[in-house]
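Reader: I am new to this structure. Please take me closely through a single part of it.

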Amino acid sequence: MSGKGGTGKTTVAASFAYLSKTHPESPIVIADADVDAANLHLLLAFRCENKDQYVGGKKAFVEPSRCVGCGECESVCRFEAIKMEESCARINPLFCEGCKACVFACKYDAISMESVHSGWLRDGSAIGMPFVDGDLFPGEETSGKLVTEVRKRANENAEREKIPSVIVDGAPGIGCPAISSITGTYAIIIVTEPSASGWHDLERMMETADHFKVPYSVMINKSDLNETYSQWVEEKLKQKGVDVIGSLPFDENVMIATRKGIPVIQMGGPAAEALARIWRTKILPLLSD
Amino acid sequence: MYSITVLSGKGGTGKTLFSTNLAWLFHQKGTTAQLLDVDAEEPNASLFVKFIPIHAQNVEKWIPHIDENLCDRCGLCMKECQFSAITIAPKKTAVLAALCHGCGLCAKICPQKAITEVPKTIGNIRLGKTEEGFSFGEGILNIGEPSAVPVIRQLKKTASKDSEIRILDAPPGASCAVVESLAGSDFALLVTEPTPFGMHDLRAAIAVVSEMKIPFGVVLNRFDAGSTAYVEEIRHLDAEVIATLPFDRKIASAYAEGKLILKELPKYRPVFEQIIEAIGRGSA
């Protein structure tokens, strides 16, 4: 997890996934829960074997021949999704939350609810391990629900293959997709960066983890971009009793690897070395727990 | 009022960097500007300007309250609630506030009139101005609340409409909160980075603004020697790169300390001037 976007969640998750390949005694299933902007597959040579339609919820549709243009539906809609145009209700699917209030308000049976295909749930394999992710269509609702589906599918695959652990690349923010990402999780690794905004978002992420009672530890990425701030963050976290599992230096190899579509661990360099060390000392013990 | 939403798809590409510096530059040039931080899950813009709050208000979601004396447990509300926010247990009808969208359906359809709606605070908005002189507002979602959409809606509605330019610093992603941020915008500024991640998520952002029929331009942040191929790729998406900001450790370091790039590194002013010019062309 990260709170703030772009701190390096996917870079870290991809490298951990790659490292666990080298340790067949602690196999994992990989899942990407950032369904709004799923990127992990780009680093792990994902081979999609199965693609299921994701139906998030229903939306309201108007039958124009029945609509008399009374405007009742517009007045009950709290999401400003209905506008009257030329005496006929028009529903903007981007704003419709699918609550059905308009269906009940309409005396002419002109509105019905229909299921909407809002994205894909994909699974297959990546670098030889089971991989699951979600691809929510742009502008859709219910991202939290698709995240739950991704996690569920990953858990099912893990059970079927008798794999004890799942590594989840979480969603940014602290709202529904982030909450769904951490639900039922054994432990969270929060990736942060040494900046004013990084710290602010880290604090809100830690509060969220506390709120849902999921234990967490913190990793500081690009720590040498601002040494003073990094030390300050580390000190602050120590005072709070938060475990800092390590720091990654800023390393151009991360950019090069990302452009090549491979995890930085495969490239080598200072960030890769730090990741290998953290994995060996902190993650492997967690996976064998 | 001309409204510009800064979004990105991928997180951490520089939305806040561009929106704060653009608001400041508009103000410097004599345009009355307003900056609204609508990334209510992780609002950061106020770290870069000196915000003087003048007005604050809570954001409330209306959730059902069930009068147990009137409720006969018929189950209609539970059956019809599209968000599974009501559960009828043997002794009590329970409301799961986190799942409730506040649509009011249950209160309207309850045959016993046992349901009233009560407010639940899910966040707050703060409005005021910056020490730099332009209007500013931000929305803050409470911890544990799933949806920032009502916070964004209320912030946009309540903030003064007197400025010539409104800049909205949107959340990452491309789903409901981004749609709410974009609603009614005249122009969208899509910030991305020259990586496969940036490109992948830019496509989602372009799909949203296109569907909403909002004119847009793309800004490439952290531009370096390996970036030219991405400019070409963006052109193939029928999009225009209106400006690029180079990768510079000095930018990263000023940003880390919560400073405005244009104040610290004025040599980058032409990049932002270019964006303003392109926005002007887009509105023409």
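Author: Here is a close look at one strand and its surroundings.

This is a predicted model: local features need pLDDT of at least 70, side-chain atom pairs count only at pLDDT 80 or more, and totals for chains, interfaces and linings use all residues. Residues are numbered from 1 along each chain as its sequence is written, and chains are lettered from A in the order in which they are written.

Start with strand β8 of chain A, residues 188-192. Strands (E, at least two residues) and helices (H or I, at least four) are DSSP runs, numbered from the N terminus. β8(A) is mostly covered, with five of its five residues buried. Buried means that 20 or more other C-beta atoms, placed from the backbone, lie within 10 Å of the residue's own. Ile188(A), Ile190(A) and Thr192(A) point one way. Ile189(A) and Val191(A) point the other way. In a regular strand the side chains alternate between the two faces of the sheet.

Now the neighbour. β8(A) runs parallel to strand β9 (residues 216-220) of chain A, joined by five bridges. Strands pair if DSSP finds at least two bridges between them. Val191(A) stands opposite Met219(A) of β9(A).

Next, the helix. β8(A), α6(A) and β9(A) form a right-handed β-α-β unit. Right-handed means that, with the strands pointing away from the viewer, the path from the first strand over the helix to the second runs clockwise.

Technical notes
A residue is buried if 20 or more other C-beta atoms lie within 10 Å of its own, exposed if 12 or fewer, and partly exposed in between; C-beta atoms are placed from the backbone.
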